[in-house]
Amino acid sequence: MKNPVCWVVLTGISIAFIQQGLPVRSQGESQSDNKQMDNITIRQGETLFLSCSQGDFVTHTAWLNRSSILYAGEDKWSVDPRVSLVTLNQDEFTIKIEDVDLTDEGQYICAVQTSSRPRTTSVHIIVQVPPKIVNLSKDLVVNEGSNVTLMCLANGKPEPAIVWRMLSPSDDSLGSDNEVLEIPFISRYRAGVYECTAANDIAVDTQTVELTVNYPPSVSDGRDVGVTLGQRGVLECEADAVPEADFEWYRDDRRIFNGFDGIEIEDAGALSKLTFFNVSEADYGNYTCVAINKLGSANTSIVLYEIIEPTSSTLLQGPGAVQDGNSGTSTVFTPTCLLLIVLLQLLLKF
């Protein structure tokens with residue numbers, strides 16, 4: 001049960017605080033009887049200590065928060081379990097509030113009744129809250145050419161500053177200093193990870209959004225491949241697309257399937273390979289690779305041509321060999337023969 005004498009005294013001292021939240025002076029009080037301390041700034045979650053000096057001839061004392069009495073002497077009036085008494089003696093009256101929250105912000109008053117007149121000390125508590133991102137755009141998948149808007153909202157005290165930037169791949173030219181990042185007519189080169197940063201004097205909070213940009217396939221120019229008859233030949237086709245392209249291979253207007261006539265088709269991500277394990281005469285010719293996704297298609301042509309291996313007879317023929325177009329035989333003129341021919345021509349002139 002609360003001390004009724006103390007309550008009567010406190011009511012007489014601080015009726016103005018309870019009704020208006022402002023200190024008052026009784027008739028004949030001096031300015032020094034109502035002291036205003038400097039504001040106290042504390043971070044959310046920390047422990048707040050409130051202390052005022054007592055002095056001699058103190059009869060009653062209390063700590064108040066706006067219109068609520070927290071402690072009257074040793075008697076706890078607050079039902080908040082975070083509030084407790086630390087020290088109460090002739091010199092000091094200290095209480096503490098643990099795990100401070102934003103609702104604890106405001107004016108606190110220490111009211112002291114002396115044998116002659118009341119005295120008050122007031123202090124304003126400012127609670128700082130670290131930033132927290134509370135609303136962020138989800139990961140997005142869009143088609144190339146779309147207009148994109150990314151949103152990032154955060155709470156905190158002081159109010160946090162919001163900054164957007166392209167994190168991966170890094171691009172300092174693309175960003176925003178407010179809650180919204182607008183990307184008009186987005187290209188495939190703007191796909192990546194975007195970071196939102198919310199910062200104030202207390203801390204920093206960061207979160208990311210992944211932006212995927214779909215676009216139709218583009219195919220690299222095919223490289224013609226020369227293969228000797230009976231050897232292994234590989235045609236390669238590479239496509240850039242999001243989502244990844246599916247590949248189809250054609251010979252003239254006929255589609256080629258994996259395993260057809262001993263041909264193997266192997267797709268691995270952006271690359272497709274058409275492999276001939278034993279090239280025959282019928283395999284030589286023009287092939288078409290087509291890359292397809294839901295946004296479009298692209299194709300390229302690749303020629304498989306024959307490389308003729310040199311025969312043993314052609315390897316034996318030197319640079320002076322002359323091919324007989326009718327018989328296919330070769331006549332080789334050595335340096336000695338050439339010298340004899342020249343000498344014979346000179347003798348005939350004489």
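Helices (DSSP runs of H or I, at least four residues) and strands (DSSP runs of E, at least two residues) are numbered from the N terminus, and the loop between strands β21 (residues 254-256) and β22 is the place of D261. The structure shown here is a predicted model, in which local features need pLDDT of at least 70 and side-chain atom pairs count only at pLDDT 80 or more, while totals for chains, interfaces and linings use all residues. Residues are numbered from 1 along each chain as its sequence is written, and the side-chain values use heavy atoms, with hydrogens and water left out.

We can begin with the backbone of D261, where phi is near 50°, a positive value in a residue other than glycine. To put this in context, most residues other than glycine have a negative phi, and most peptide bonds are trans. D261 counts as exposed because its relative accessible area is 63%, given that buried means under 20% relative accessible area, exposed means over 50%, and partly exposed lies in between (1.4 Å probe, protein chains only). D99 also has a positive phi near 50° and is not a glycine; its place is the loop between β8 (92-97) and β9 (106-114). With a relative accessibility of 48%, D99 is classed as partly exposed.

The peptide bonds deserve a careful look as well. K157 and P158 are joined by a cis peptide bond with omega about 0°, and P158 sits in the loop between β12 (148-157) and β13 (161-168). A further cis bond runs from S168 to P169, with omega near -5°, and P169 belongs to the loop between β13 and β14 (171-176).

Side chains of opposite charge can pair when their charged atoms come close. Here a salt bridge is a side-chain nitrogen of Lys or Arg within 4 Å of a carboxyl oxygen of Asp or Glu, and the structure holds seven of these salt bridges. In one of them, the side chains of K157 and E105 meet at 2.4 Å, N to O. This pair links distant parts of the chain, since K157 is in strand β12 and E105 is in the loop between β8 and β9, 52 residues apart. Both partners are partly exposed, K157 at 28% relative accessibility and E105 with a relative accessible area of 22%.

D80 is partly exposed, at 21% relative accessibility, while D104 is buried, with a relative accessible area of 9%.

Another glutamate, E74, is found in the loop between β5 (68-72) and β6, and its relative accessible area of 62% makes it exposed. Setting aside its neighbours within four places in sequence, E74 is in contact (heavy atoms within 4.5 Å) with L85 and L88. The C-alpha atoms of E74 and L88 are separated by 7.4 Å, although these residues are 14 residues apart along the chain.

When residues up to four places away in sequence are not counted, T121 touches K35, M37, Y108, I109 and C110.

D246, E264, E266 and D267 form a negative surface patch. Patches are made of residues with over 30% relative accessible area and no salt bridge, with like charges joined within 9 Å and nonpolar side chains (Val, Leu, Ile, Met, Phe, Trp, Tyr) joined within 5 Å. In this count Asp and Glu are negative and Lys and Arg positive, with His and the chain ends not counted, and the place of a charge is taken as NZ of Lys, CZ of Arg, CG of Asp or CD of Glu. Accessible areas come from the Shrake-Rupley method with a 1.4 Å probe, and for residues only the protein chains shown count as cover. Strand β22 (residues 263-268) supplies the largest share of the negative patch, three residues. E264 is found in this strand, β22, and is partly exposed, with a relative accessible area of 33%.
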